[in-house]
Amino acid sequence: MKTCLLVDDSRVIRKVARRILEDLGYEVAEASDGLEALAWCRAAMPDVILLDWNMPVMNGLDFLRQLRTEPGGDEPRVVFCTVENEPARIREALAAGACEYIMKPFDGDILQAKFAEAGLLAHEGAAA
Amino acid sequence: MTPEDVQLIVALCKQRAGLKIDPARTYLIESRLGPLARREAYGSVAELITGLRARREEPLIWALVEAMTSSETAFFRDRTPFQQFRDEILPTLSRMRGPEPIRIWSAGCSTGQEAYSLAMIAEAGQGLEPGVRIEIYGSDISERALEKAQAGVYNPFEVQRGLPIQLLVDHFDKVEDTWRLSPRIRQRVRWRRINLAADLSAVGRFDVIFCRNVLCDLDEAVRPRVLEGLAAALPADGFLVLGVEETPLGLTDAYRPITGREGLFARNPAYRVAA
């Protein structure tokens with residue numbers, strides 16, 4: 001089973017996203033900020049990371065930049081999921097190594113569509 | 001709405017646009033006609049129908065028929081047909097056509113996402129001969145849908161269903177809470193109002209016709225004629241792209257399936273277009 005690390009400081013968002021990700025066939029782990037997420041990644045690198053931007057302790061962009069310098073840290077596919085929706089910020093996230101980007105508010109259809117674009121769905125095409 | 005109201009709506013949709021509306025789906029009828037009733041200053045859909053009976057005005061009848069069409073669409077809907085277009089169909093045509101323009105038609109384009117998806121593929125030019133000319137046309141029966149298509153402005157939900165983020169930042173400008181396609185992509189598409197159930201003999205020639213998830217909303221009796229009208233617009237080496245699970249087979253001899261390519265059909269060389 002593929003693993004997804006869900007990083008968001010909102011418990012409500014984590015709860016909603018976890019359910020969607022589990023429906024997509026992922027085993028889900030949660031972290032509430034970038035530093036906690038780094039600790040997870042150092043223990044066991046996930047296949048996918050769904051990443052909020054604005055969080056206490058360490059934000060999503062700083063986490064992503066740090067992750068990419070870690071051993072094996074270039075492996076996980078990273079999908080941002082944030083209220084940041086300015087094109088300049090989106091470009092910044094892509095330049096730092098994100099492969100897709102979800103603007104909040106989102107729903108199950110959007111998350112599924114974005115995962116399909118990033119090639120992250122087990123049954124490609126069937127779900128699109 | 002009375003059963004007679006529903007029957008009138010169903011009959012008008014079939015007669016004017018070949019649309020198949022299930023009279024049992026009163027909720028669907030209410031939800032599609034509600035906005036029209038409000039625009040026309042009627043208190044309810046039932047009052048709109050009463051007004052329609054009294055006035056019998058063509059513009060109001062057409063507004064009703066157009067409002068009953070499905071506007072469901074998405075950028076790169078179902079993905080695979082667009083990959084086939086990008087990787088196989090367009091490169092092949094660009095070699096064969098030379099300086100002649102390649103003409104693509106998004107038939108039943110609704111609010112334009114399909115036509116613009118094709119335009120973004122054309123813009124990228126992957127695997128295409130230098131100097132290739134690609135003309136993209138979008139048509140729909142609904143004037144309102146075409147107005148939105150032409151404006152090229154979409155909300156955050158619409159740009160997140162099927163559109164890769166890279167294409168969003170490459171081709172869209174953020175305008176307040178919406179996303180507006182760049183003039184460069186908008187200028188690649190020309191828009192026309194076309195009723196597919198009417199005579200298609202004057203539409204012109206198209207090398208590829210996307211007509212996805214349109215037939216399924218048409219009355220069974222109308223489908224063969226629409227498919228044959230589209231076939232008459234295709235050259236012998238042209239392609240028809242239908243929705244997943246849609247097929248012309250059993251309805252007309254005008255096409256043959258392409259093995260291993262779901263939803264993709266070529267003109268049948270044995271089929272002769274009626275004069």
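## Confidence and conventions

Chain A has a mean pLDDT of 93, with 95% of its residues at 70 or more; pLDDT is the predictor's confidence in each residue, from 0 to 100. This is a predicted model, in which local features need pLDDT of at least 70 and side-chain atom pairs count only at pLDDT 80 or more, while totals for chains, interfaces and linings use all residues. Residues are numbered from 1 along each chain as its sequence is written, and chains are lettered from A and ligands numbered from 1 in the order in which they are written.

Where pLDDT is low, the predicted coordinates should not be read in detail.

## The sheet of chain A

Five strands of chain A form an open sheet in the order β2-β1-β3-β4-β5, with parallel pairing. Its edge strands are β2 (27-31) and β5 (100-103), each pairing on one side only. Neighbouring strands are turned by 20° against each other on average, direction ignored; the axes are lines fitted to C-alpha atoms, with angles running from 0 to 180 degrees between N-to-C directions. Strands here are DSSP runs of E with at least two residues, and helices are runs of H or I with at least four, numbered from the N terminus. Two strands pair if DSSP finds at least two bridges between them.

## A closer look at β3(A)

Strand β3 (residues 48-51) of chain A pairs with β1 (residues 3-7) in the parallel sense over four bridges, and A:Leu51 is the bridge partner of A:Val7. Four bridges also join β3(A) to β4 (residues 77-82), again running parallel.

Together with helix α3 (residues 60-67), β3(A) and β4(A) make a right-handed β-α-β unit; right-handed means that, with the strands pointing away from the viewer, the path from the first strand over the helix to the second runs clockwise.

## Tyr154 in chain B

B:Tyr154 sits in strand β3 (residues 153-154) of chain B. B:Tyr154 counts as buried because 23 other C-beta atoms lie within 10 Å. Leaving out residues up to four places away in sequence, B:Tyr154 touches B:Val159, B:Thr178 and B:Trp179.

Terms used: A residue is buried if 20 or more other C-beta atoms lie within 10 Å of its own, exposed if 12 or fewer, and partly exposed in between; C-beta atoms are placed from the backbone. Two residues are in contact if their C-beta atoms, placed from the backbone, lie within 7 Å.
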